Structure formats: C-alpha cells, structure tokens
Amino acid sequence: MGSQIAVPVKETFFISHGSPMLSIDDSLPARHFLKCFKQKVFTQKPNSILVISGHWETSEPTVNCINGLNDTIYDFYGFPEQMYQLKYQAPGAPKLAKRVKELLKSSGFNRVHEDNNRGLDHGAWVPLMLMYPESDIPVCQLSVQTKKDGTHHFNIGKALAPLKEEGVLIVGSGSATHNLRALRDTAGVASWAMDFDNWLKESLVNGRYEDVNNYMTKAPCAKIAHPWPDHLYPLHVAMGAAGENAKAELIHHSWSSHALSYASYKFKSQPK
C-alpha cells in the first residue's frame, strides 16, 4: 500500500473491547494488556490497520474511505464527560479501503460500499488508542452484517487474507460475551457467561472453526451470551483472514461487570 515496503503480517487478532470505560478506567486489566500490545504481543509496525468493529452494522459490507484524518465517533451515552474529550485522529487509509473492496468483489461479494464520511466508532478507536497511542498508522474500518451468519463473516475474512502479505494488521473488535442487560456490579461471573466463554476458548484453541461459525447451534448459552451477533462477528472475520489451519491462542482473559468477558485471541497463519 503506497510507497512503504510491505513486511508481511503473520497474525490476525480478535480484541474484546468490553465497556467504553476501557478508555479511562485503569482498574480494568484489559486496558493494561492493550497498552502493552506493541511491546509484548505484536512488535511489528504494520503499514496500515483494518478494524472490523461490532459497532458498525450495515446490510452489505461497507468500508470507510477517508482522505485526511478519521473523526472520533462518540457512540456511547451517559459516560463520564472526560471520555467525550478523547480524540484518536489516525489517518484514513483510502488505498486500503479500495483494496478491501476489490478483494471482496473478486471473492463473490458483489455489493460492497464505501462511506466517505464515517470516522472510527469506539469499537475501533478505544482499543487502538491504547495499542497505538501515537495514532500515526492509517486505519480503515469495515462493517458487520447482523442479518448474515458467522460463515458469511468467516468468508469475508478469507477474502481479505492477502492483505496480510501487504503489511496490513487485521483486527476484529467485539466481545467474547455481550449481553449488556445482564451486567451487574457484583463479584463473581455468571455461569452462562463462563460456559460460553470456555466453549469459545476450547473451540478456538482446538481449531474447531466450523463449530465457531455455527456457534448459535453448537455453543452452550449462545443466545444469552450474544442476544445479537454484532460483537462476535468480528471474531469470525479475524479467524477467516488468518488462513487455512491457523492456530488460535488466548492472549488475554479477564472479566468485568459479572458477565463481560475480555477474552482476546491471536490467530497465527501457518506456512502452506
């Protein structure tokens, strides 16, 4: 992409971004994990970043194609005022946006759209602000389709796998469990959340990706862990983009609010 020499990227990631409070709350272990991301988890500096966030839903795949700096979208309500002052003004990645569109179309996704105005929602900018605080790496965002299934999103990921060879870091940003009505300020973890989270980990680390694609019928407590699929579909994209026989690894695990898992995963591509 551009004049930069592309160093291939061997991993894709799924980050559970949990609550928007991640942006300011130092008591959350996931915040410290993300702040150490480029020192301890992924030390290579990518040419650009493609984020698939659970907070952008469209009926057909859409990329944000921004010349100049991405706007910071405050798509959360009733939080401390200081959070609405935070800015993450990473450059847009219009060349990457066009490449995403091209790859999806060549893989049979016939209708792919560009949005020339939308910035980064908090599913993108909150984790990126912690991972790459210099905000100097171009960022493009891709939407999810909540009326489609896990396999649709896995296949989007498969179509985007060549981006890794072009130095692009692919990050799915969602949540391993995401039932906001079940959150409580109490100690302990809800048994249904634990059951789903454990099933997801076992399925991923053992390479049962087909089961994860069909999580609604395969997983325990799927409907209560994810009443809507928007925050799990970014995982399917990251999983698909890692390529054949990719190895999944749990790279962070913590809980907050009784039922919100911050489980995050690395998918490492295997040599052909």
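This is a predicted model: local features need pLDDT of at least 70, side-chain atom pairs count only at pLDDT 80 or more; totals for chains, interfaces and linings use all residues.

**A helix and its surroundings**

Modeller: The lining of the second largest pocket divides into nine nonpolar, eight polar and two charged residues. That makes a lining of 19 residues, and Gly18, Ser19, Pro20, Phe79 and Leu180 lie nearest the pocket's centre. The space inside is about 320 Å³.

Now to the helix, α3. It covers residues 94-106, which is 13 residues. How far apart should its ends be? At 1.5 Å a residue, α3 should span 18 Å.

Next, its sides. Leu96, Ala97, Val100, Leu103 and Leu104 are buried in α3. They cover an arc of only 130 degrees around the axis, so they sit on the same side of α3. What do they pack against? The partners are the strands β2 (48-57), β3 (62-64), β5 (139-144) and β6, along with the helix α5 (150-160). The face turned away from this buried side carries Lys95 and Ser106, which are exposed.

After α3 comes Gly108. Its phi is positive, near 100 degrees.

The loop between β6 (168-174) and α6 (191-205) holds Ala187. Is Ala187 buried or exposed? Its relative accessibility is 74%, so Ala187 counts as exposed. Ala187 and Lys148 are 39 residues apart along the chain, and their C-alpha atoms are separated by 35 Å.

Note on methods. Residues are numbered from 1 along each chain as its sequence is written. Side-chain values use heavy atoms; hydrogens and water are left out. On a 1 Å grid over the protein atoms alone, a cavity is a set of points where a 1.4 Å probe fits but cannot get out, and a pocket is an open set with protein on both sides within 12 Å along at least five of seven lines; lining residues have an atom within 4 Å of a point. Grid points are joined across faces, edges and corners, and a volume is the space filled by probe spheres set on the points. Ala, Val, Leu, Ile, Met, Phe, Trp, Tyr, Cys and Pro count as nonpolar, Asp, Glu, Lys and Arg as charged, and the others, Gly among them, as polar. Helices (H or I, at least four residues) and strands (E, at least two) are DSSP runs, numbered from the N terminus. Buried means under 20% relative accessible area, exposed over 50%, partly exposed in between (1.4 Å probe, protein chains only). The expected span of a helix is 1.5 Å times one less than its number of residues. The arc is that of the directions from the helix axis to the C-beta atoms. Contact means heavy atoms within 4.5 Å.
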